[in-house]
Amino acid sequence: MPPVTSEADLVRALAVALGPAGDSVRLGIGDDCAVLARPSGDLVWTVDAHVEAVHFRREWLMYEDVGFRSYAAAASDVVAMGASPIAVLSALTLDPVVTDADVVALARGQRQASEAASAAVVGGNLSRGATFSVTTTVLGRVLGASAVERGGARPGDRLFLTGPVGLAGLGLRALEGGLAEDPRLREVVDAFRRPRVRYDLAAAVSHASAAVDVSDGLAIDAGRLASASGVAIVLGAAEVLSLGGAALVSGAARFGVEPMLAALQGGEDYVVLGAISPREPVPPGLTIVGEVRAGEGVFVDHGSELRRVGAVGHDHFA
C-alpha cells in the first residue's frame, strides 16, 4: 500500500482496495456523490450498522472478516425482498486503535463480499470516533413484479429456507469460549466470520408471497413474518435440521444444546425464510421446511408433537 498521509490518500487507497465499480456505476469513489445508471423497475434500500462489542469483537476477527460480515449483513436484507444488490455505500467510524492499513484490509473484505453480490462499494464516509463501526447502505433492484414483503403469507403456503440456520450462533459460542481453533468447530466458526448470502437465489425468492431475512434467529424472525401476515408458522424439525447437517448436530452437542434450539435461537445466519403459494412451482435452490396455517405464532413439528416456540433470539432492546 502506498504511504497514507491524509484522508485523500486513504480514500484513494480504499478505491484501489475496493476495485472497479461495474457497468451500472457512472461515477464512483472520489466525488461528493456516486452516480448510478437509472435502473428499470422498483428499487429497495436498506442500511445496517455493525458496531464493535455489539456485533463483533476484533480479537475474534481479522479486519477483512469485519468488512465481509458488515457487507453481507446489509445485502442479505435486499435478497429477502426478492431483489438483487446494485451498489453499496459504507460509512466507517474509526476509533483510535484502527490504522490506515486496517481500513484498507477491511475494504478488501468488503470487496470479497461485493464480488459475490456483483455490487461494488461506490462511496461512503470516513470519520474518527470513540467506537469502531461500519454502517452499510445497499441499493437493490426488484427482480419480480414487486418487492416481497413480510405480510403476504397465506394458509396453505409452503415455507422455505435458502440455507442452514444455527451455525453462526454456534460459531459465536465457539469464539466466546476461545475455541476458534478447534477443528471440529471450524465450519460453525466460518459461518460466523464469513456468512454465505445466496445472491444467486434472489430471483427464486422473488416468487415468494412473503419473506424475511433471518438475522436475529429463526424463531424471532419467523414470528415477525407470522405477525405481519396474520398467520401461524409451522416449521418441520427434521427439515430444518437437515439443512444444518452434521455441523449443526455436532456443534450443538459440543455446547450441550439441543440442535433444534440452536437452529431456532442462533442469529446472524443471513438466509431467507419465505412462503410460497401452493400454486407456484418451487424454484431450484429453495428448501421446503414447513407450512403456513391459519392462526398465530410459531410452532415446530417434531413428527409426533407440535410445540409452540417463543421469540427466542437476539433483540437489541430486550
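This is a predicted model: local features need pLDDT of at least 70, side-chain atom pairs count only at pLDDT 80 or more; totals for chains, interfaces and linings use all residues.

Residues are numbered from 1 along each chain as its sequence is written, and side-chain values use heavy atoms, with hydrogens and water left out.

**Aromatic rings**

A search of the whole structure gives three aromatic pairs. Rings of Phe, Tyr and Trp (its six-membered ring) pair if their centres lie within 6.5 Å; planes under 30 degrees apart are stacked, over 60 edge-to-face, and the rest tilted.

Select Phe-56 and Phe-132: this pair is edge-to-face, with 5.7 Å centre to centre and 85° between the planes. Phe-56 lies in the loop between strand S3 (43-51) and H2, and Phe-132 in the loop between strand S5 (121-128) and strand S6 (133-142), so the pair ties together parts that are 76 residues apart in sequence. Helices (H or I, at least four residues) and strands (E, at least two) are DSSP runs, numbered from the N terminus. Phe-56 is buried at 1% relative accessible area, and Phe-132 is buried at 1%. Buried means under 20% relative accessible area, exposed over 50%, and partly exposed in between (1.4 Å probe, protein chains only).

Next, select Trp-60 and Phe-192, an edge-to-face pair at 6.3 Å centre to centre and 75° between the planes. Trp-60 is in the loop between S3 and H2 and Phe-192 in helix H5 (residues 186-193), 132 residues apart. Both Trp-60 and Phe-192 are buried.

**Charged side chains**

Select Asp-65 in helix H2 (residues 63-80). Asp-65 is buried, at 5% relative accessibility. Apart from neighbours within four places in sequence, Asp-65 is in contact (heavy atoms within 4.5 Å) with Arg-193 and Arg-194.

How many salt bridges does the structure hold? There are 14 salt bridges, each a side-chain nitrogen of Lys or Arg within 4 Å of a carboxyl oxygen of Asp or Glu. Select Arg-224, which is partly exposed at 27%. Arg-224 forms a salt bridge with Asp-216 (2.8 Å, N to O) and one with Asp-221 (2.6 Å, N to O). Asp-221 and Arg-224 both lie in helix H7 (residues 218-229), three residues apart, about one turn of the helix. Asp-216 is buried at 17%, and Asp-221 is buried at 1%.

Then select Glu-52, Arg-58 and Asp-95, which are linked in a network of salt bridges.

**Strands**

Select strand S7 (residues 158-161), which pairs with strand S10 (residues 271-276) in the antiparallel sense over four bridges. S7 also pairs with strand S11 (residues 287-293), antiparallel over four bridges. Two strands pair if DSSP finds at least two bridges between them. Zoom in on Phe-160: it stands opposite Gly-274 in S10, and its bridge partner in S11 is Ile-288.
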